[in-house]
Amino acid sequence: MAASPHTLSSRLLAGGAGGCVWYLERRAAQGSPHRFMHLFRNAGKQWVTFQHFAFLKRMYVTQLNRSLRQQIKPKSEPMTSSFLEKSSSSQAKAEVYEMKPFAPSSLSLPRKPNETKLIELEPASIIEGSVDVGKETKDEKQWKEMKLRVDDLPGILARLSKIKLTALVVSTTSAGFALAPGPFDLSCFLLTSLGTGLASCAANSINQFFEVPFDSNMNRTKNRPLVRGQISPLLAVAFATCCAVPGVALLTWGVNPLTGALGLFNIFLYTCCYTPLKRVSIANTWVGAVVGAIPPVMGWTAATGSLDAGAFLLGGILYSWQFPHFNALSWGLREDYSRGGYCMMSVTHPALCRRVALRHCLALLALSAAAPALGVTTWTFPAIALPINLYISYLGFRFYVDADRKSSRKLFFCSLWHLPLLLLLMLTCKRPADRDGGQPRS
Amino acid sequence: MAAWRVLGKRRLPPLAARGWRLAPERGAECGEAAPGRASRFCPPRKSGHDWIGPPDKLSNLRPVHFHVPEHESPAEQKLRELRQETQDWNQRFWARQNLAFRKEKEEFIHSRLKEKGLGLRTESGQKATLNAEEMADFYKEFLSKNFQKHMCYNRDWYRRNLAITYLMGRVALERAWDRLRPKPKTRS
């Protein structure tokens, strides 16, 4: 169940049908191996029962078994090769031991008939080795050649760069850009979005590069490209560099140096501070919150060229939002974090975890009220944002008091729609430019 | 079978024409190159790439069967050996870690159930478990107990990972250089 909140959250984040399809496909893919195993077990049992029958009957049954297993390889190959491999005898021993009706002398059966009948009767080898080989080929089918196919590359890179998270980061940057005062410059907006997207891809790739064995051990992350060997670490680093360099260059020279510096700093903070810190101290959550807060600040500085109070306000809203979001999510992952050696508040300081989540839900209320005071929005904004802010605070309070799975999940899912809605409300209540100066007071 | 043996080890037996898993010496190489649980698998002879397997039951790590090319350069050999060694080291660490976690979790559950006066099985016959809040104490204790171990592991892992990537880079550059430079005269 630990996996499901996060897959669900990805779906919501993607914001629609595409995410739904991905989620459904994944569940379907997870379902099929279980059915296959079930079929195989039944086939094995059938073979045990028929073992005492005539030779021809056994042949028929094994053909049936093989068709159930849907082997792709030609019939003769797996059977003979099983005798050529050194390991096959140990495998056969294991198989025989499992099936109790077998007498110990039957161990010799897989070999002898074949030695005499191999040339005369090809399918003979099929029978004795069938279950043995069945299990072997099943394992062997799961072995994949580590050869990079060009067709798969876009999908692999998308997963490596956590494209959905990147999209979310770019949307917060766009929100920051749109909320900033001044005329809307489309080319600047596009350059900022692209630069931020590239920087985010780079940071996410390096994060995955560092965390391969840890990701293997957590349900949420065990299907990442580096864990599955779909891409080599060298290629991952090369990709990250190819994203980081143009991304930061685009921000520095295409937008302004301040935004470029913030982008570079954020990459550094995420890859070299947050990622290693996750395994050392609970302070990683606060560092991670800063990482999440910087993109809207970058959007603001891209539009205005300076770090105003408005930029800090937006950063503050994103910073505070991270806590109810992450703390609620981490509540359900405590077992994986503990086993994997991650230092998270939910494991080491559970009371603090809930207190901090509640504290920051209330901070969101305060920051929303500060928005008109700082000239970012009109006074309508805190009024219309009050219901959703009160609701998330209420859920934060419930999480603080109840401290159970149900309340954590409610808070987490609320945070997923709360942020986009809040940013949207901010945009609709953006303070219009003054008639005389074109610059609102800040 | 006897006839096949007479043909010699190198010749392909008629029934295994595709070159999939062939001569015994390939099996021997596989066994030597990748000792341990992953050794049952043998990649096709024609494949010039590494092969990656399903996640290990204990460590959850995917074993890699490293391909040994015919003319392996010293750098390539160093890289392969480092990768193999790192893989074994990782396998040992995580297998031990996960086993310890499972064992200690069971012990914790048993002791808590005993404290409560409950049996190990529920009325329906299923294994009795504690809820997440009760398990939280165990998770906290396990994490703090293994903290130092994880610190050492992290440091070693980062070092190895960076070393492997650096060597991969060197090997890639070497190969690129080999392909681009003017070829020496081929042996006759």
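## Basis of the values

In this predicted model, local features need pLDDT of at least 70 and side-chain atom pairs count only at pLDDT 80 or more, while totals for chains, interfaces and linings use all residues. Residues are numbered from 1 along each chain as its sequence is written, chains are lettered from A and ligands numbered from 1 in the order in which they are written, and side-chain values use heavy atoms, with hydrogens and water left out.

## Chain A overall

Chain A contains 21 helices and 1 strand; helices (H or I, at least four residues) and strands (E, at least two) are DSSP runs, numbered from the N terminus. Of its 442 residues, 52% count as buried. Buried means under 20% relative accessible area, exposed over 50%, and partly exposed in between, with a 1.4 Å probe and protein chains only.

Among contacts in chain A with a separation of 6 or more, 72% are between residues 24 or more positions apart, a contact being heavy atoms within 4.5 Å.

## Annotated transmembrane spans

An unreviewed UniProt entry places the feature "transmembrane region" at residues 231–252, 258–277, 284–303, 379–399 and 411–428 of chain A. UniProt positions are given in the numbering used here, feature names are shortened, and annotations may be inferred rather than shown by experiment.

Residues 284–303 of chain A are 100% helix and 0% strand, with the end C-alpha atoms 30 Å apart. For residues 379–399 of chain A, the span is 95% helix and 0% strand, and the end C-alpha atoms also lie 30 Å apart.

## Selected residues of chain A

Gln208(A) is in helix α10 (residues 186–210) of chain A and is buried, with a relative accessible area of 1%. The side chain of Gln208(A) reaches the backbone oxygen of Arg159(A) at 3.1 Å. This is a polar contact, that is, a pair of N or O atoms within 3.5 Å; within protein, one must be able to donate a hydrogen and the other to accept it, and residues adjacent in sequence count only if both atoms are side-chain atoms. Leaving aside residues up to four places away in sequence, Gln208(A) touches Arg159(A), Leu160(A), Lys162(A), Asp215(A), Arg224(A), Pro225(A) and Leu226(A).

Val248(A), in helix α13 (residues 233–255) of chain A, is buried at 12% relative accessibility. With residues up to four places away in sequence not counted, Val248(A) touches Gly260(A), Leu264(A) and Ile267(A). The C-alpha atoms of Val248(A) and Leu198(A) are separated by 8.0 Å, although the two are 50 residues apart along the chain. Leu362(A) lies in helix α19 (residues 350–373) of chain A and is partly exposed at 44% relative accessibility. Between the C-alpha atoms of Leu362(A) and Leu390(A), 28 residues apart along the chain, the separation is 8.3 Å.

## Salt bridges

Over all chains, the count is 15 salt bridges, each a side-chain nitrogen of Lys or Arg within 4 Å of a carboxyl oxygen of Asp or Glu. In one of them, the closest N and O atoms of Lys145(B) and Glu104(B) are 2.7 Å apart. Lys145(B) lies in helix α4 (residues 132–145) of chain B and Glu104(B) in helix α3 (residues 74–116) of chain B, so the pair ties together parts 41 residues apart in sequence. Glu104(B) is buried at 19% relative accessibility.

Glu134(B) forms a salt bridge with Lys116(B), with 2.5 Å between the closest N and O atoms. Because Glu134(B) lies in helix α4 of chain B and Lys116(B) in helix α3 of chain B, this pair ties together parts 18 residues apart in sequence. Lys116(B) is partly exposed, at 46% relative accessible area. Asp156(B) and Arg159(B) form a salt bridge with the closest N and O atoms 3.9 Å apart. Both lie in helix α5 (residues 147–180) of chain B, 3 residues apart, about one turn of the helix. Asp156(B) is partly exposed at 25% relative accessibility, and Arg159(B) is exposed at 53%.

## Cysteines

The count of disulfides over all chains is 0, a disulfide being a pair of cysteine sulfur atoms within 2.5 Å. Cys188(A) is buried at 12% relative accessibility; the closest cysteine sulfur, in Cys201(A), is 20 Å from the sulfur of Cys188(A), too far for a bond. Cys429(A) is buried too, with a relative accessible area of 7%. The sulfur of Cys429(A) is 19 Å from the closest cysteine sulfur, in Cys414(A), again too far for a bond.
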